[in-house]
Amino acid sequence: MRTAWVASALNNLIGFSGMTGSGVRYLGLTKAGVPPAKAVGSAALVVLSMPLGLAVLATILLSVRPEMLHWSSVPAPLALGVLGAVGLYWPLFVLVAGHGPLHRRWLADTPTLGVAQRLLLVLVSTLDWVALGGLLWLCLQAAGVVLPLGTLLMAFTLAMTLGLVSMVPGALGVFEGAMLFILARTGADPAALVAGLLMFRVAYYFVPFLFAAQLLPGTPLLPDGGRIEDLVERFRTNPVLRLGRIPLQLLGHLSTQILAYATFAAGVVLLLSAAFPGVAERLEVIDRFVPLLALEGFHLSSVIVGTLLLGLSRGIGAGMRGAYHGPQILLLSGAILSLLKGIDIEVAALLLMLSVLLRANRASFDRRGYALASARNLRWLAGIVSTLSAAAVLGGVLYGAGTLLDHLDQMGLHLHSARYARALLGMTVTFLAWLAWTWYSMPAPAVELPDRSALRRAADFYGRVGRTRYSYLTMLGDKYLFHSPSGRGLVQYGMRRGHLVALGDPACAESDLRETLHAFRAFADDYGLTPVFYQVEETHLHHYHEAGFHLLKLGETARVHLPGFSLKGRKAENLRTVLNRARRTEMRFELLSQPLDASLWAELRSVSDAWLAEKHLSELGFSLGSFRRDFLEWGSIALVRQSGRPIAFASIAQDFGHRDETGIDLMRHVPDTPNGTMDFLFTNLILHAQAAGYTWFDLGMAPLSGVGRSPWSPRDERVLKLAYELGNRFYNYKGLRQYKEKFNPSWCGMYLAYPRGRPLPVVLMDVMALIARGPKAARAGG
């Protein structure tokens, strides 16, 4: 029954001629142990049986009310042809679905049915369609459209047939348009018709879909503990069922979102009920039993509850743990208050139904918080402010903007303007109080930037377990440290607004990368934050893809293979020339080991300050080293002197005892440095690393290099390629790659990994902000 409900709800909402529902039924049956051949036949039989009742109603319409064919916007001959074709379906089904040769030819995959079984299917399907038409009749009655049930059933049959033939999912728009054209001939009020049709859509399509979202876990389709992504993947790999991915993804990603919007809507309903006077007869009943002061209190309390529901709906959408109990109390309180202030049975029923749905989905509320400064939260706040502003405008329209506050202190059963003025004041105060409470109480990750002892422990971890290309930048102390639950993985990351930006790949063994990556993403999700990995290597991309990240190529890093490096041959001719010229100009290379004395630090500082002044820059951080003694003391420093004067230096990335790769981080030189100085520095460092037994020497990344080269590259990368081609006026992209090419390196792609659906410009801006703010700002909370 649960699987059938999910299948029917999704099929009603999405349509595709029953393919969605049959796909859900097929998967449900096979997971329950039914052989695939029988599962296909049973699912197909359901699809074939569903239109039977509509075909019977079409036959009745043609026989009893053929004049209604002229009531729609469709030409009568075409409507006659469509209804005639549909009406023939049920006798053809009865004829073909039996035991004879027609069944073997056309429906061999479905079970054979006796005459009684076939007729019973026709009867059940007919009752189903009549019940659906009866629901529409009740909705129209509630909206004020009074029609004979028979007339409505015939109009419903014609409109639904046209909608079914249109192949539009759920016949959305086609059915409503046809009903408006047909029932307009009866003299019904168009506004009331629209209201009734909307109510029908909500009752038959939206509400069952909400329940389907709650019923799916625990079915054979999605056993307890299963993930919606697993079910979507099964649909994706089955060519017949691929269309079913669409509604299932909606269930997986929008179930809490739907509840959030429904909670928001419940708040709006409570505010609207405060704007409009209660039904006079109900108010008279209330006046007999409830004192006026209590009635005013109930009215104001319902407004406060409605405003709080608007605010707490954001927490529901984020799946926040604390957002479950609060709305439950508010929904139940709102239902009681709706009855006490005006016997508002309709609103109370809506709130109670939403409370039941919320309770059914309580397992989804497992996060601790959400990002207050995220774009999504700001949009939600804008929606709340817009709603409250609209409520104020509505009060001005109903009661007059100039007189709304004139009777603020007056009370009376029929003094609705004064009552609503107090409601507006209550909305404003409640919203501001909720905003302040949320701002100061929202849980955030309890993290601290590492102190000296924590950095030493991180260095020990990198030495024991393994390091990444950027592990040495941990020693800047401007990034937080995340340890995987097993303790075998380490991620260094920065926080900017709603983003947790990890630098490079997690530091761990290859076998622990998946666990560490998933644990970091779960940590971010727990607080409603967005995990981002900046500059990850292409050899690990499959792990990020499996974890749901979108990948953007940022450029390529140059790596010199040291065992094959040589200054011999034509390719190294320029480097030999540089070394020979350096000797003639009294240029000397020194490799300084820690600790350095104060005079050396002063010399290095003077070179660094001169370089920053010439470039008009300040110190950066996060993914770039900065001139700080406590950071530079972790590694050796290469210095170039000319005639005894220091003219350039570079810091060597700490290797933490590993000899697989080394490279340069911070590079500075004085403004009047002779040409070829940095070539001299690089060449000597490469030769020194080669002699020390390293395998690779990292020359650093060439931004945007190799990005968007294919015509099938992602759109974002093709846009970045334009920046690479046209942006040399602002940054020497091509020159940087050409410079590194002289060392004959291998090129390795570097990528940005961020969750799908996140706006890339916002992600990039936050990454750049982390780099630009520098280590001092990071320690100050930047």
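Residues are numbered from 1 along each chain as its sequence is written. Because the model is predicted, local features need pLDDT of at least 70, side-chain atom pairs count only at pLDDT 80 or more, and totals for chains, interfaces and linings use all residues, while side-chain values use heavy atoms, with hydrogens and water left out.

Helices (H or I, at least four residues) and strands (E, at least two) are DSSP runs, numbered from the N terminus. Axes are lines fitted to C-alpha atoms, for helices over the stretch in contact, and angles run from 0 to 180 degrees between N-to-C directions.

| Pair | Angle | Axis distance |
|---|---|---|
| α4 (residues 52-64) and α8 (residues 115-142) | about 75 degrees | 7 Å |
| α6 (residues 89-96) and α8 | roughly 155 degrees | within 9 Å |

The angle of about 75 degrees between α4 and α8 makes α4 roughly perpendicular to α8. Angles under 35 degrees count as roughly parallel, over 145 as roughly antiparallel, 65 to 115 as roughly perpendicular and the rest as oblique. In this packing, L52, G53, L54, V56 and L57 of α4 meet L121, V122, S125, T126, W129 and V130 of α8. Contact means heavy atoms within 4.5 Å. By class, the α4 contact with α8 has eight nonpolar, three polar and no charged residues. Here Ala, Val, Leu, Ile, Met, Phe, Trp, Tyr, Cys and Pro count as nonpolar, Asp, Glu, Lys and Arg as charged, and the others, Gly among them, as polar.

Now for α6. Helices α6 and α8 cross at roughly 155 degrees, and are therefore roughly antiparallel to each other. F93, V94 and L95 of α6 make the contact with R118, L119, L121 and V122 of α8. These residues divide into six nonpolar, no polar and one charged.

## Two loop residues

R467 sits in the loop between α20 (452-464) and β1 (480-483). Its side chain makes a polar contact with the side chain of D660 (3.0 Å). Such a contact is a pair of N or O atoms within 3.5 Å; within protein, one must be able to donate a hydrogen and the other to accept it, and residues adjacent in sequence count only if both atoms are side-chain atoms. A polar atom of the R467 side chain also lies 2.3 Å from the backbone oxygen of E661.

S636 is in the loop between α25 (629-632) and β8 (637-642). From S636 to Q594 is 42 residues in sequence and 6.2 Å in space, C-alpha to C-alpha. Leaving aside neighbours within four places in sequence, S636 touches L591, L592, S593, A650, S651 and I652.
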